[in-house]
Amino acid sequence: MNLSDWVKHFFTPHHTNNCRARILHPSVLSLFVALFLLGQFALNFYLLVSPSVLGFASNITPERVIEITNQKRAENGLAPLSLNDALSEVAQRKAGDMFAFNYWAHVSPSGRTPWSFFREAGYHYVYAGENLAKDFMNSESVVEAWMNSPSHRDNILNGNYKEIGLSVVNGTLNGVETTLVVQLFGTPTPSPTAQTQTTPKVALAPMTITPTPIPEIEQKEITPLSNIVLAQDKGEVDSPPLLSPFMLTKTIAIFLLGLILGALALDAALVWQRRIVRLSGKNLAHLIFIAALLLSAILTTPGAIL
């Protein structure tokens, strides 16, 4: 069988494939699914062996995230937040702690809350809040995801907040190179006297809490800030990830679904043109189903928020 005959056999209805493109036979479709799952297993295994080759590279900057955040506040009639270096220091420490102890949460596995980082930096507050994000590709998508979440949106549009701090940090989390975004809000106490008379109010997305005094928790040593690679300091990254695992999986899925969708469309056109009668198989239903899967794959984006 020469190449042209093989292409006809594989992609078009022909007497050699029982008038149905070979690619649309259940056995071939099952093989595609099996190969895709095997590829995902191999990818996950490879990430454990060499996490620096496959990872997540983003184009997020603190300045842009703060700018968009203030734009959202202005659209809702709120005053802009002013950048506070102490809050940005707190955000850096929180991101470094998550990488150092390999967790993704507002509260560390040891029970360390975000507010302990506020105390370390000497930031005394009346109101405070925290938004977290990871694996986003740009600043716009980060803020958009927060705005689409009611609790995170409440933090961004909280009129009680006066200041903001932000950190964008690259590192390895659960064996995969990723980018963490820590956004902190605060309103400092006007004076030491006012601090003793006012109960601090804090907000974590997706929950809002008013903490009560708790015993001090023995703090573990965290990674020094000098050892944290900041996303904005791209020149200091020794070997950035070559490819995102998510984008690799998405590309393969789009390719396979597009291939099947194209074969279905060609098959439907040839069946109609040649007046081929089939006892089973609904090409239109299959086309709609595969097209929906392809659209979902295209629209799927990386990123998670807390």
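Me: Is Phe10 buried, partly exposed or exposed?
Reply: This is a predicted model, and the values here are computed from it. The relative accessible area of Phe10 is 16%. Buried means under 20%. So Phe10 counts as buried.

Me: And which class does Phe11 fall in?
Reply: Phe11 has a relative accessibility of 24%.

Me: What kind of aromatic pair do Phe10 and Phe11 form?
Reply: The ring centres of Phe10 and Phe11 lie 5.1 Å apart. Their planes stand at 80 degrees. Planes over 60 degrees apart count as edge-to-face. So the pair of Phe10 and Phe11 is edge-to-face.

Me: What is the angle between the ring planes of Phe118 and Tyr123?
Reply: Phe118 and Tyr123 are both buried. Their ring centres are 5.9 Å apart. The pair is edge-to-face, with an angle between the planes of 70 degrees.

Me: Which residues do ring pairs link into a cluster?
Reply: The structure holds six aromatic pairs. Phe118 and Tyr123 form an aromatic pair. Ring pairs link these two residues with others into a cluster. The members are Trp115, Phe118, Tyr123 and Tyr125.

Me: How many residues of strand S2 are buried?
Reply: Strand S2 covers residues 125-134. It is mostly covered. Of its 10 residues, the number buried is nine.

Me: What is the bridge partner of Ala133 in S8?
Reply: S2 is also joined to strand S8, residues 304-305. Two bridges link them, and the strands run antiparallel. In S8, Ala133 has as its bridge partner Ile305.

Me: Do S1 and S3 run parallel or antiparallel?
Reply: Strand S1 covers residues 82-83, and two bridges join it to S3. Leu83 stands opposite Ile164 in S3. The direction of the S1 and S3 pair is parallel.

Me: How many bridges pair S3 with S4?
Reply: Strand S3 spans residues 163-173, and nine of its 11 residues are buried. Asn170 stands opposite Thr179 in S4. S3 and S4 pair in the antiparallel sense. The number of bridges is 11.

Me: Which residue in the turn of the S3 and S4 hairpin has a positive phi?
Reply: S3 and S4 form a hairpin, with two residues between them.

Me: Where is Asn102?
Reply: Phi of Asn102 is near 55 degrees, a positive value in a residue other than glycine. Its relative accessible area is 39%, so Asn102 is partly exposed. Asn102 lies in the loop between helix H4 (85-100) and helix H5 (114-120).

Me: What is the relative accessible area of Asp135?
Reply: Asp135 lies in the loop between S2 and H6. It is not a glycine, yet its phi is positive, at about 70 degrees. Asp135 is partly exposed, with a relative accessible area of 22%.

Me: Is H3 oblique or roughly parallel to H6?
Reply: The axes of helix H3 (residues 62-75) and helix H6 (residues 139-147) come within 9 Å and cross at roughly 40 degrees. That angle makes H3 oblique to H6.

Me: Which residues of H6 does H3 meet?
Reply: H3 passes H6 in a right-handed crossing. From H3, the residues involved are Arg64, Val65, Ile68, Thr69 and Lys72. In H6 they meet Ser139, Glu140, Val143, Glu144, Trp146 and Met147.

Me: What is the C-alpha to C-alpha distance of His286 and Leu264?
Reply: His286 sits in helix H10, residues 283-299. His286 and Leu264 are 22 residues apart in sequence. In space, C-alpha to C-alpha, they are apart by 7.6 Å.

Me: What percentage of the residues of the chain count as buried?
Reply: The secondary structure of the chain comes to 10 helices and eight strands. The chain has 306 residues. The share that counts as buried is 41%.

Definitions and conventions: Residues numbered from 1 in each chain as written. Predicted model: local features only at pLDDT ≥ 70, side-chain atom pairs only at ≥ 80, totals over all residues. Heavy atoms only, no water. Buried < 20%, exposed > 50% of the residue type's maximum accessible area, 1.4 Å probe, protein only. Helix = DSSP H or I, 4+ residues; strand = E, 2+ residues; numbered from the N terminus. Pairing = 2+ DSSP bridges. Phe/Tyr/Trp six-rings, centres within 6.5 Å; stacked < 30°, edge-to-face > 60°. Axes fitted to C-alpha atoms, helices over the stretch in contact; angles between N-to-C directions. Parallel < 35°, antiparallel > 145°, perpendicular 65-115°, else oblique. Left-handed = near helix turned anticlockwise from the far one by under 90°. Contact = heavy atoms within 4.5 Å.
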